[in-house]
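Let's take a short walk through a few residues and see what surrounds them. Keep the viewer open as you read.

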Amino acid sequence: MDMNVNDKNIINDAVTKNNASKESFNYTYSAQQQEEVEAIRKKYLPTQDTPEDKMEQLRKLDQQVTNKATMLSIIVGVVGALVMGTGMSLAMTDIGSYIGMSGNVGLIVGIVIGVIGMAVLGVAYPLYNRTLSVEREKVAPEIIRLSDELMK
């Protein structure tokens, strides 16, 4: 059977279309799946600093400074309160006699421990202020840089 060139082209086109339909795969995502795909895709795209991102960075830096100073002063304050409470317990109750302190020794030791606890409590606020100023000095250049970019 002799085929002309035109017949061969028609057969080749049919075979190509048949193969293309076998190889292609189309799938449509739902809106929820599309959002999830976009969220995952954003994680892998190169980041671009937008003003919102810079403002968020500025907030985080400022909050980081305040949080560190607050946590440190709270820890010192709690320790001071516990030490002061221990001293008060020794001074005001008979716990001293139960642990082997005779007479007024428990009262005196309790007063000394209570005063030490008060001193530690008294250090908490100045420690907060000092930590805040030191941390602000550390992040000041970055804060100034970000705020200058945002104010343009």
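In which helix is glutamate 135 found? Glutamate 135 sits in helix H5, the stretch covering residues 105-151. Please bear in mind that this is a predicted model.

Is glutamate 135 buried or exposed? With a relative accessible area of 12%, glutamate 135 is buried, because the cut-off for that class is under 20%.

The side chain of glutamate 135 also has a polar partner: the side chain of lysine 68, at 3.2 Å. If you set aside neighbours within four places in sequence, glutamate 135 is in contact with Val65 and Lys68.

## Serine 73 in helix H3

Now over to helix H3, where serine 73 is found. Serine 73 has 13% relative accessibility, so this residue counts as buried.

What does serine 73 touch, not counting residues up to four places away in sequence? The answer is Ala124 and Tyr128.

Valine 79 is partly exposed, because its relative accessible area of 43% lies between the 20% and 50% cut-offs.

Which residues make the nonpolar surface patch? Val79 is one of them, together with Met71, Ile74, Ile75, Val78 and Leu82, and the patch covers about 550 Å².

Technical notes: Residues are numbered from 1 along each chain as its sequence is written. This is a predicted model: local features need pLDDT of at least 70, side-chain atom pairs count only at pLDDT 80 or more; totals for chains, interfaces and linings use all residues. Side-chain values use heavy atoms; hydrogens and water are left out. Helices (H or I, at least four residues) and strands (E, at least two) are DSSP runs, numbered from the N terminus. Buried means under 20% relative accessible area, exposed over 50%, partly exposed in between (1.4 Å probe, protein chains only). A polar contact is a pair of N or O atoms within 3.5 Å; within protein, one must be able to donate a hydrogen and the other to accept it, and residues adjacent in sequence count only if both atoms are side-chain atoms. Contact means heavy atoms within 4.5 Å. Patches are made of residues with over 30% relative accessible area and no salt bridge: like charges are joined within 9 Å, nonpolar side chains (Val, Leu, Ile, Met, Phe, Trp, Tyr) within 5 Å. Accessible areas come from the Shrake-Rupley method with a 1.4 Å probe; for residues, only the protein chains shown count as cover. A salt bridge is a side-chain nitrogen of Lys or Arg within 4 Å of a carboxyl oxygen of Asp or Glu.
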